[in-house]
Amino acid sequence: MICLSDERNSQEDMENWLSQLGDPMFPIVKKTVLGALKPQFVSCSFADKTAEFLFPVEDWELNPEGGLHGGILVTGFDVSFGLITHYFAKQHMVSTVQISTNFLKPVSAHDNVQFKVKINALGKRIVSLTGEAWTEGQEVLAATASATFMKLSSTFTEPI
């Protein structure tokens, strides 16, 4: 397992850390909503503070009309924002302070949604982010979002 430290800040380190999303024993995946949503790491840029994740749409995530439930789309943003914030916060816990989502187009059953997120401002405690949710292949811009996260003083009990 790749641990985060303040000394390890590079494109390679970020890619290696985010690539652990597929490992069910990765502490931020183990016994969390991430395990149920099954996000996949797509790409990232350490210099630009961006990341992309792919989430498969599964039957349990559908609304009565057969499309992706809006709350699941918001959760996808929250998870994606949280993952990139966790990377830059290192061993510290983080918390969502605010998240705002604009729904633009419906997402169909069995689509994959690609979340593209960016840190716009990275302070000592507060992180401001924006993001877009596209259907796989960037065919449809389904939603946009903005969020504010806070880096907490508490740290993880096991390395992440």
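**Cavity**

I began with the lining of the largest cavity, which is made up of L37, F55, P56, V57, E61, L68, I72, G76, V113 and F115. A cavity here is a set of points, on a 1 Å grid over the protein atoms alone, where a 1.4 Å probe fits but cannot get out, and lining residues have an atom within 4 Å of a point. I noted that β2 (50-56), α3 (70-89) and β4 (112-122) are the elements that give two or more residues to this lining. Helices (H or I, at least four residues) and strands (E, at least two) are DSSP runs, numbered from the N terminus.

This is a predicted model: local features need pLDDT of at least 70, side-chain atom pairs count only at pLDDT 80 or more, and totals for chains, interfaces and linings use all residues. Residues are numbered from 1 along each chain as its sequence is written, and side-chain values use heavy atoms, with hydrogens and water left out.

Searching the whole structure, I found one cavity of 30 Å³ or more. The volume of the largest cavity came out at about 70 Å³; a volume is the space filled by probe spheres set on the points, which are joined across faces, edges and corners.

Next I looked up the largest pocket, which holds about 270 Å³ of space. A pocket is an open set of points with protein on both sides within 12 Å along at least five of seven lines. It has 15 lining residues, and L34, D78, G82, H86 and V94 are the closest to its centre. Which element gives the most to the lining of the largest pocket? I found that α3 does, with five residues. At least two residues each come from α2 (33-37), α3 and β3 (92-103).

**Sheet**

I then traced the open sheet: six strands in the order β1-β2-β4-β5-β6-β3, with antiparallel pairing. Two strands pair if DSSP finds at least two bridges between them. Each of β1 (40-45) and β3 stands at an edge with a single partner strand, so one side of each is left without a neighbour in the sheet. Between β5 (residues 126-135) and β6 (residues 141-155) I found nine bridges.

Last, I checked what the helices lie across. Helix α1 (residues 11-18) lies across β1 and β2, at about 165 degrees to β1. Angles run from 0 to 180 degrees between N-to-C directions, with axes fitted to C-alpha atoms, for helices over the stretch in contact; contact means heavy atoms within 4.5 Å. For α3, I wrote down β2, β3, β4, β5 and β6 as the strands it lies across, with about 140 degrees to β3.
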